[in-house]
Each structure stands twice: as C-alpha cells, then as structure tokens.
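Could you walk me through this model stop by stop, telling me what to select in the viewer and what I will find there?

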Amino acid sequence: MAALATSWLLWGAAAEAQVTAEPSAIVFPDPAKFARGLYTEGELGAVAFFGPAGRDVAPGFAVGTRVGYDLFRWLAVQAHFLGSTHSVRGDSPQAGQLLQTYQAIAEGKLTIRFGQTSLFAEGGAGLERLSTNVLYTLMLERYRIGFTAGGGGLDYHSLSRHFSVGVRGDYFWLREISGSQDLMVTTYLRYTF
Amino acid sequence: MPENHGGFSRLIPIATLALGCVNAPLYFASPTPILAVTGQNDAMGNPPRIENGLTLQFRNPNQTEQKDLDSQSAALGFAVPWIERAHVHLELTYDVTNTDTKDGTFAIGIDGASEYTKYDENVVAMALGAGNNNAPNFIPLIPVTPQILAAGKTVSGTVREDDFEEGELDLDAMGRWMAPFNAVLINNSQVNPIGLDMVPPNVVIPALIEIDVNFTANAAMSCNYGVRVRDDNDQLLHDSGDTLFSPTPALFQPPAMMATTN
C-alpha cells in the first residue's frame, strides 16, 4: 500500500531524468510563422492632388484594395485598385461639383522585416480615370494615364498569422492631366491566405 | 477559419466600380467670351442685355431605337421625342462678378430649344411690345431671381435640374399643346398647373437640346456659367462614328406676333 502511495514521486523523478540539453531560445515573434503567399488588402485614406489639378480639385476620401502574391519574404507583386471622391474648388462655375477618380496600378513591393514590424517600398505603372470631364472644362485634360513614382509604408503584424495592418503613401504622376500629381495616404488591413 | 476574412477586401473594388458607373455627368463650359455688360443703359433707357448659348450635340437613334420611338408614338398617338426629359438631365451653374465700383442688380434668364420648339424671350418681348412704348417685358423660359451684388463681389448660383424640368414642360406645352405661354411660364406647374389642360397626362416631354442664357445688369458685371448633363442613355454624340441629331425646332411665336405675321 505504501509503495502505491509513493509511486507518483518515482514517476516524476523518471521524467526529469529525460532532460538532456538546455532548451533552445524562443524566437518571438517568429516571422516564419506568418502566412505568406496570396494576400488581399482593404484600405481607407485620402488622395490629394498637386500641380495644375491641385488648384481645382480638393483632397478627397479614398477606398481601395490590393491583391498580391509574395514571391519571397522580401518581394511581392500586386495589383492595386483605388477610388476616391473629390469636389471641384476655386472660383469657377463648376466649383462644388463632385468628381471621382479610379486608379489601377500593377506594382512590385520590397519588404524589410524587423520582427513584428516591416518597412516596404513599392512602385509600378498604372492608369487613372476620372468619372467626368469637369477638369476638361477647367482647361485640364479629361483622362487618364500616369505612372507611380513610388511609395512606401509601415506594416505591423498582428501575430494572428494571417492579419497585419499598416499605413502607406504613394505618389502618382498624372501625365495626361496637365502633368499633375496626386498623393494617396491610406491605412490598410491585410489578410494573407 | 481564415477563408472567411478576405471577403471585405474583395468587395471594395466592386463597390467602387459600381459607384463609378452610376450616371456620371458631363460638363460643358460656356462659350467664350463670357457674358459681360457695362451697366450703361441703351438709347431707350433700358439696361444692357447680352445673350449666348450652347447647343448640345446628340447622336441620331439607331435602327432599334428608332423602331421603339415609332412604336411608342403609334401607341400613344403623338410624337415621342428622341431626347426625353426623363433621360437627359440638365443643370446650370453660374458665377456673376460685379466689376464695377458701385453695387448693382443682375438678372439671368434661360431660354432654349427642344427638338420641337425654340423659345426666345427677346422675340416674345418684341411681340408683346409691338404697338406700345413700354419697357420690354422679358419672360424667360427659366427665370433666375434678380440679385443685388456689391461692387467687387462674386456670387455663385445653380439652376437645378427641377428648374429645367419645369421649363421643359412649359416649352412643350407652349409648342405642341397650345398652352397660353404667359400662364405656364409665370406659374409653377406643381403649384398651379394653369394652362396645361391640353397636355396629355401621358405626354413624353422633350429635353432642352439648346440652352441660351440672357444676362442683364445695371452695373458692369460678367457672368460665367457651365452646364452639367446627365445622359442616362448615352445619347450625347461621341467620337464613335454616330451621326449628329439635327432637329429643326420651330421658333415659338406668341399670339400677338402670329397675328402680325399672318
């Protein structure tokens, strides 16, 4: 009976005897555990125009999305779609009229990760279309081609494997709108499958 | 369940594109030079008036559309316009600047033409003034309330789509349905439909295809305007090989002038 009552002590001693080395240092967070591959992003922010269009178009609210694929931990390709809405400003009769912009851009993205945080730079070429010809009546061109000069941002991983959030800014050269530019600044939520 | 979290991101571009496809307007700037008056009365002591306008260019209906128009016309018993008020929505925005050193009052009157009828307040005023020496009485198709404008100031305004809709109804009533022009022009049909008795309840009202702006002021002022068009059925003429719709609207003549010209 006494042997039975003390048998748990013997079992415990046997378990300790199996430790043969110091446990390895835990890497936390471990970026290798972050999901990688196909991803989507939803973003909210603002777009502001500069140059000739900046005089006539007020900054506006923007909503967009990206669909991309991580080729490597440090390199991805992505398609970016963004729409924004603006009002015409100035002293023309068209002042106050609403105007939407639609941008579609093919981009490459370089990432440097520092644990849970990463910095990235991105750039590419794309198209921009305006919803109306109101800029044409203001002696600016109506549509539509431009090239991103590039952009970048900061990503923060949530540690839930699939999700991260971040902020980014991108610069868009609107060659056909009298050489104007726009700057988009957005915050995003990313989901990696 | 990671598959359930990416849906929102995928919906964003669809929603954005859907919003972008909803009836985006087209804008037309006023002809140059912009309307400007010196404020000096003419030899008859009347304040200066100036007018310009623009004609919207529409395409001709294709065979299917023409067939539909013909069948509608046959069913209703009267002509159905190609450019309908229900599908072409107009709005005019304007800026008026007082360039004088004194305050002044300005007035804007909008006339125009549908594919059937053209209205010109100057012609009507001339008819009404025939045989008397009274100051001309201008009755625009779509009036803008006169405003006092301080020296050096600018004021903006909008002639809304519902203002144009009222003017388009009045013009069609005068041109096709023998409505007394002064009754329908002076009265808002939604408040007092006097003069519209002959207009069929199922009438299809034509939209304006020509917009003429009359500007008058008793001080040196200028008026710049723009026209916004919402073209539901893509009837405006584009560079697509379509041919230009070229109706020949009849100039409306008030009864007094018709009596003198007959």
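Here is a short tour, from one chain to the other.

This is a predicted model, in which local features need pLDDT of at least 70, side-chain atom pairs count only at pLDDT 80 or more, and totals for chains, interfaces and linings use all residues. Residues are numbered from 1 along each chain as its sequence is written, chains are lettered from A and ligands numbered from 1 in the order written, and side-chain values use heavy atoms, with hydrogens and water left out.

**Stop 1: chain A.** Colour chain A by secondary structure to find four helices and eight strands, in the order α-α-β-α-β-β-β-β-α-β-β-β from the N terminus. Helices here are DSSP runs of H or I with at least four residues, strands are runs of E with at least two, and both are numbered from the N terminus. Of the 193 residues of chain A, 44% are buried (buried is under 20% relative accessible area, exposed over 50%, partly exposed in between, with a 1.4 Å probe and protein chains only).

Stop 2: Strand 4 of chain A gives the largest share of the lining, three residues.

Stop 3: Select Leu159(A) and Arg161(A). Leu159(A) sits in the loop between strand 6 and strand 7 (163-174) of chain A, and Arg161(A) is in the loop between strand 6 and strand 7 too. Most residues other than glycine have a negative phi. Yet phi is near 75 degrees in Leu159(A) and about 75 degrees in Arg161(A). Leu159(A) is partly exposed at 35% relative accessibility, and Arg161(A) is partly exposed at 44%.

**Stop 4: chain B.** Which kind of peptide bond runs from Thr32(B) to Pro33(B)? The bond is cis, with omega near 0 degrees. Pro33(B) lies in the loop between strand 1 (26-29) and strand 2 (35-37) of chain B. Finish at Ala250(B), in strand 11 (residues 250-251) of chain B.
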